[in-house]
Each structure stands twice: as structure tokens, then as C-alpha cells.
Amino acid sequence: MTHAIHRAPRPAPGGDGSGRILVGTASWTDRSLLESGWYPEEASTPAARLAWYASRFPIVEVDSTYYHPPSLRTVQAWRDRTPAGFVFNVKAFSLLTGHPTRPGALYKDLRDTLVDPPERLYLDGVGPRIAEEVWRRFLATLAPLHEAGKLGALLFQFPPWLPAGGYGRRRVLECARRCAPMRICVEFRNRTWMEEANRAATLDFLTEHDIPYVCVDMPQGHLSSIPPVLAVTSGLAVVRLHGHSPRWVGGGVEERFSYRYTEAELRRWASRVVALSRRAETTHVITNVCCGDTSQRTAARLAALIEESRGTGDSARPSRAGA
């Protein structure tokens, strides 16, 4: 399978290969992780676990914010429990990305104004007043991270029913506009965006608006499948590794993301990440394979292989045709 690397029209700082590469995992509080023994016994509180995680990785992706907006106190704790320079990528709340959202996930005072709410809410269906207030509160709550320089990007993972086209592009731009000056990055889950006929136009669109494209490794052959194209469309490059579970469609969350990368796969990805980083100021790599401490072990090994690849002067160069 081709792993093409789209070149941004202008070189990014760090294009000499010195760009920072931050490797981490999606979540540090997953139940199966807590039960795996990865955390030492003394890391028995939320504060201690985050501190332990941050002593081993420079970045984490906050997954819980997709399911429920965080409180201001929680975000302040994230800021205060991590060292200077630590980075949080935060997943956008499902209502804001166009996914179905449980009424119980909505802010209580807003939920109480809904008359006979359906089982699932959508942004277009809650009315402009509630929609505006959700946007305002979600972004205001993240301000402490942003002001501390610890907010990397807001991850907008769009649903499989958002295809490439004018409406989809307007949705992306609206999200970027609303979040500014916070940065967003974009992960598509409808294959039309990265089909060969649309791929260049999609990446050129993101480059034009300085929006990072999220490169993915995921199961193929589904409507939601995006090919593993490595693309730099901004100063920030983002890679998310979801694995290749055969239960991607129809399985529960743990089944969909249950996968163990082989040593050979990780070596190939280390080389690709190093090549990608030559076109970006900073590259974020997130392992999103669950079950126990699989993500943490995968991220640690990948980080070591990336350092090894950089140290040996890996000569792989970005190419639109392949890498």
C-alpha cells in the first residue's frame, strides 16, 4: 500500500529534520489501563497517575472530552499536574463534530430547557441558542490549557456521513474559525475526502487554510476507511495509529481498537514519521490501541525506534508519489 507524503507548498521550519516529534497515547485513564499494572501502586490517585504518565510521555490525547465536556476545575488540574512543555491534544465534544450525543452529556442547565429530547441529539437540532452556548462553554473551559501553552490542538474527528464537498469544507472552516486562536486538526472518517480523485484537493484546501491534517493508520475497506497517506498541511503534523482490528465495524470500543503492532510495523512507522517530521515544525504521534497497557507500550517502543531512526541518519525523503 502506498504511503504518499503530501508536500506543503512552503517549507515549514524544522524542514531540515530537526522538527520536534512528540509521541504519546490516547487517554491515560482507561479502565483496562488502570487494571493492567502499568501504573505503580503509589500512583493511586488521578493526580499521581497523570504525573506518572507525564514523566514518561510528552503528550497525551484527551479522549473523554468527546463524550462529555470537561469542567473548568478538571482542565485546571490537567494544567497544574503536568510539567512545563507537556502537551494535551483535546478531542472535540461529539455534538460539535456532528456526531450523535446523549442528552445526558449536555450541560445540565441547557439540557433542562429541552422539551421531550430525543434519544440522541445533533447540533443542528438543538437550536441556535444552545448550539452557541455549547461552543462558548467548551472553548472557554479549555482556556487554562491554551493560556499555559499546553494545548496542542483540538481534534475534530468528523463522522462517516460527512463526505467531501462544499458543505463539508464549510463545516471544517466553521470549526477552525470558532476555535481560533486555538488550533484544530482534522480527522476524516468518510473515504471520499482521501480517494484519489479528491485527495489533492482535500490536502490543498487544508494547506490553504493552515489546518493540520490527521494522518491515520486504520482498517481498510469500510466507508469510514481513510488510507494511510502522510500529509503535512500546516506547521503541525499529526499521526494517529488505530491498528487493524477485524472488528472495526460492529464491535464495541475495545474490540474496534484492540490491536498489537508488530516490531516490523513499528519500524516502518518510525521511518515514515521521521520523513514526515522533515516537513513540519512539530509532529504529534498518538497510539490509539486499547486493552490494558497496549497503547503505552506501543508508544514507548515507537518513540525509541524514532530516536533510533533519526540517530542513524534515516535518508527517507517526503515524496508525493510515495515513501
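**View 1. Pro-181 sits in the loop between helix H8 and strand S6 (184–187).** The bond to look for here is the cis peptide bond joining Ala-180 and Pro-181, with omega of about 10°. Most peptide bonds are trans. Helices (H or I, at least four residues) and strands (E, at least two) are DSSP runs, numbered from the N terminus. You are looking at a predicted model, in which local features need pLDDT of at least 70, side-chain atom pairs count only at pLDDT 80 or more, and totals for chains, interfaces and linings use all residues. Residues are numbered from 1 along each chain as its sequence is written, and side-chain values use heavy atoms, with hydrogens and water left out.

**View 2. Helix H8 (residues 166–179) meets helix H9 (residues 196–208).** Their axes come within 12 Å and cross at roughly 25°; axes are lines fitted to C-alpha atoms, for helices over the stretch in contact, and angles run from 0 to 180 degrees between N-to-C directions. H8 and H9 are therefore roughly parallel (angles under 35 degrees count as roughly parallel, over 145 as roughly antiparallel, 65 to 115 as roughly perpendicular and the rest as oblique). On the H8 side, the contact (heavy atoms within 4.5 Å) is made by Arg-169, Val-172 and Leu-173, and on the H9 side by Ala-201, Thr-202, Phe-205 and Leu-206.

**View 3. Helix H6 (residues 128–141) packs with H8 at an angle of about 50°.** Here the axes are 11 Å apart, and the two helices are therefore oblique to each other. Glu-132, Trp-135 and Leu-139 of H6 touch Cys-175, Arg-178 and Cys-179 of H8.

**View 4. Cys-175 has Cys-179 as its closest cysteine by sulfur position.** The two sulfurs are 6.4 Å apart, too far for a bond. Cys-175 is buried at 0% relative accessibility, and Cys-185 is buried at 2% (buried means under 20% relative accessible area, exposed over 50%, partly exposed in between, with a 1.4 Å probe and protein chains only).

**View 5. Ser-27 and Asp-116 each have a positive phi.** Most residues other than glycine have a negative phi. Ser-27, with phi of about 85°, lies in the loop between strand S2 (20–26) and helix H1 (31–34). Asp-116, with phi near 50°, is found in the loop between helix H5 (108–111) and H6. Ser-27 is buried at 14% relative accessibility, whereas Asp-116 is exposed at 70%.

Definitions and conventions: A disulfide is a pair of cysteine sulfur atoms within 2.5 Å.
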